[in-house]
Protein chains: 2
Amino acid sequence: MIPRPDQTHDPARRAWLDTANADGTDFPVQNLPFGVMARVGGEARVAVAIGDRALDLRAAIDDGHLAGLPDETVRACRAPRLNPLMSLGHAAWLPLRHALSDLLRVDGPGPRPAPALLPKQAEVQWLLPAEIGDYTDFYASVHHATNVGRMFRPDNPLLPNYKWVPIGYHGRASSVVVSGTPVRRPLGQVKDDGAEVPSFGPTRRLDYEVELGCYVGPGNPLGTPVPIGEAADQLFGFCLLNDWSARDVQAWEYQPLGPFLAKNFASTVSPWVVTSAALAPFRGPVAARAAGDPAPLPYLSDPEDATAGGVGVELEVFLQTEAMRAGGYPPYRLSRSDALDLYWTPAQLLAHHASNGCNLRPGDLLGSGTVSGPGDQARGCLLELTWRGSRPVTLPGGETRRFLEDGDEVILRGSCRRAGSVSIGFGECRGRIVP
Amino acid sequence: MIPRPDQTHDPARRAWLDTANADGTDFPVQNLPFGVMARVGGEARVAVAIGDRALDLRAAIDDGHLAGLPDETVRACRAPRLNPLMSLGHAAWLPLRHALSDLLRVDGPGPRPAPALLPKQAEVQWLLPAEIGDYTDFYASVHHATNVGRMFRPDNPLLPNYKWVPIGYHGRASSVVVSGTPVRRPLGQVKDDGAEVPSFGPTRRLDYEVELGCYVGPGNPLGTPVPIGEAADQLFGFCLLNDWSARDVQAWEYQPLGPFLAKNFASTVSPWVVTSAALAPFRGPVAARAAGDPAPLPYLSDPEDATAGGVGVELEVFLQTEAMRAGGYPPYRLSRSDALDLYWTPAQLLAHHASNGCNLRPGDLLGSGTVSGPGDQARGCLLELTWRGSRPVTLPGGETRRFLEDGDEVILRGSCRRAGSVSIGFGECRGRIVP
């Protein structure tokens, strides 16, 4: 079941922390995303964002808050990663959401947590939210696939399988890092246009890709597919994901088995995981399916998913270069796209992934693939924005970019807005290139 | 450094256990591979194979054997998986090998372990040797790549990057299973030749691939490549690997991002990990590089690797069908190939993998890709043996096979032989297809 809005989404509900009621905050009491933090010298703790603060769940439980939740939920909230909580499913997630909302809303029933339980988000260290067993990256944006296809096959941009098979491949779990981790420009083997032989050195075509990530919940045993009607129950929550890519390495290595070293040097995720429940007001059909497109095969077809399987998250990409920082220029927005413009829903991606019996485990990460939309301003990577580097982007201060330079910082932001609902956000996903 | 033969390889050295001295045993005292076993109702234990027995390392240590090893080696031997031991490196692995050899050789210095510490291998349950963080599969057999290329591109079988880039892709870690685990025939989306639209159902082109697997040792931090001259230090040991493949699913899904659901429903590994040290007498140059082939780029080039980087393991594939079992026919050998016929050495694969800074972790699994040789009898999968199903294989009893049927069991065996050395083996890697 796709979660439906309930009293935790009530626009009248307000937090007792003022910063959570401020206009434009990512973290009102209607959001309540999860992350993992460590205070100076401290151990990893599951945390919930509220305004500019983060509630330390283990400390809150030890102080007597959140009493009345089942023992296994309490144990999961006291763990150093989100995997135990992810494993429990909606039956545990929803009561926890209600208890957290009650704890943080202005007219909640119980005592309020002491200020020491809510450090400022800016004053703690953020860690990977989960141990990621496997990371899978999809290619769910038909706009991205068509743009990339046009560059390489102008007559035949979209391959014949695209509208039938949710295309995906396995990424590297070990090199998924949290926002703020510097990204070292990778070395790699490339073959320049016109060169006789390949060479090895730092990539000259370093790119980002803005994606929506999704963490798997309870998972499925090996050999047992997840029916499409049950796939939404497997989606714990969503994050921002930057799938850094070395385009010159990719062009030379990717035939016939797909991307490998062009991608696996780093993938950056946001610290916050916005739950499926929090996103309930922002669901809708995916918009990219055109009249005349084939209907999804039965194993990918579900009436609820067809009307509410998409997730309306607006994704923005900002760039700030070394010179822009020195000149006092704020980050410059390169693109804005929406996850509703994907071709496949998260439930379809998950059901397809498990359709052969492949086992998914709590904390596995699924990436949507680059989220591009129909317009020129909605292209989710430099490859598309600069059309393989042929049309450089001009930045404030007069610099241009074909691909990323050392010192460039890429900042992803995500937000959900709908009339009648309180807007929520994903925080940021940052990464700066180092030589 | 590639390990060199020493006194633990001395052909005169014999075990006090008779089955370890028998002709044709895989596990003489010169081998000493590691695995993880569980006795009935018991917990996972690191074990060492000797003849038809397995030494329970934790129990041996608790009984006072192996005293004198460093504390961290002792702790690693008492762990429930091999990852801690893999993390320690040759400096710890070699003294442990010497201590084990001394414990099991007929004229060793100390008291012998009690028989209860050495259950029969056939009477315990075998588990995955390591927690596999990431599984990477390469495509290192030029014979395999050429055969497959000839089927699809007769004029241009080998892609231009093949002799420059060790081609690889990320596989699925969650679905790596140990020998003996049944393999369920996967469902998948396929598009039959001539069909207007794709369909979804059980694969009709289920195949195996015989590979040599390699477990990573200490690993490297993110952003720090492993120089080719240090790559051999990262190779803890080797196993047999069956990379099951659904060819019809693969053909329809793999463009443009490579294999995904065609492979990730199961990959089977042998219980035993034969260490790099045990393989010291069986090293040599890889044989597949032809005159006129380009020299490896400097980051893949090392004089020691060029002369001794290959591993001489003869790999055999056997098939036994339901009807063959009923008729009393033994498993039938489909192919015999040698890992020395690969194009890239294990150290080159590992150095390439880490060349962009991708971090490898203890217990990560690298697969060689299908090991095929130059002859018709050295083709390591049915796709090649039956040339896409066009030339069925005839089995004892008169059955034929284009691809695998339900009830078929595939058995991989590996062995190392060289004049002047005691032969060693890898045991078996088995998997039976269930509907």
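Two strands pair if DSSP finds at least two bridges between them. In this predicted model, strand 2 (residues 45-50) of chain A pairs with strand 3 (residues 53-56) of chain A in the antiparallel sense, over 4 bridges. These two strands form a hairpin with 2 residues between them, and A:Gly51 in the turn has a positive phi of about 55 degrees. Within this pairing, A:Ala47 has A:Asp56 of strand 3 as its bridge partner.

Strand 2 of chain A also runs antiparallel to strand 1 (residues 34-38) of chain A, to which 4 bridges join it. Here A:Val36 stands opposite A:Val46. Strand 1 and strand 2 of chain A form a hairpin as well, with 6 residues between them; A:Gly41 in that turn has a positive phi of about 70 degrees.

## Enclosed elements

Strand 2 of chain A is largely enclosed by the rest of the structure, because 6 of its 6 residues are buried. Both of its faces are covered: A:Arg45, A:Ala47 and A:Ala49 lie on one side, and A:Val46, A:Val48 and A:Ile50 lie on the other.

In chain B, helix 9 (residues 346-354) is likewise largely enclosed, since 9 of its 9 residues are buried. Among them are B:Gln348, B:His352 and B:His353.

## An arginine in chain B

B:Arg336 belongs to strand 20 (residues 332-338) of chain B. With a relative accessible area of 40%, B:Arg336 is partly exposed, as this value falls between the limits of 20% for buried and 50% for exposed.

Leaving aside residues up to four places away in sequence, B:Arg336 touches B:Glu314, B:Leu315, B:Glu316, B:Gln377 and B:Ala378. B:Arg379 is 43 residues from B:Arg336 along the chain, yet their C-alpha atoms are separated by 7.5 Å.

## The interface of chain A and chain B

In the interface, 53 residues of chain A are in contact with 53 residues of chain B. The area buried between the chains is about 5200 Å², and carbon and sulfur atoms give 62% of this area. On the side of chain A, the residues that lose the most area to chain B are A:Arg172, A:Leu257 and A:Phe260, which together make up 15% of what that side buries.

Across this interface there are 4 salt bridges. One residue named above, A:Arg172, forms a salt bridge with B:Asp364, and their closest N and O atoms are 2.7 Å apart. There are also 32 residue pairs in polar contact across the interface. The residues on the side of chain A that touches chain B divide into 28 nonpolar, 19 polar and 6 charged.

Methods
Residues numbered from 1 in each chain as written. Chains lettered and ligands numbered in written order. Predicted model: local features only at pLDDT ≥ 70, side-chain atom pairs only at ≥ 80, totals over all residues. Heavy atoms only, no water. Buried < 20%, exposed > 50% of the residue type's maximum accessible area, 1.4 Å probe, protein only. Contact = heavy atoms within 4.5 Å. Buried area = accessible area lost by both parts, 1.4 Å probe. Salt bridge = Lys/Arg side-chain N within 4 Å of Asp/Glu carboxyl O. Polar contact = N/O pair within 3.5 Å; in protein donor to acceptor, adjacent residues only side chain to side chain. Nonpolar A, V, L, I, M, F, W, Y, C, P; charged D, E, K, R; others polar.
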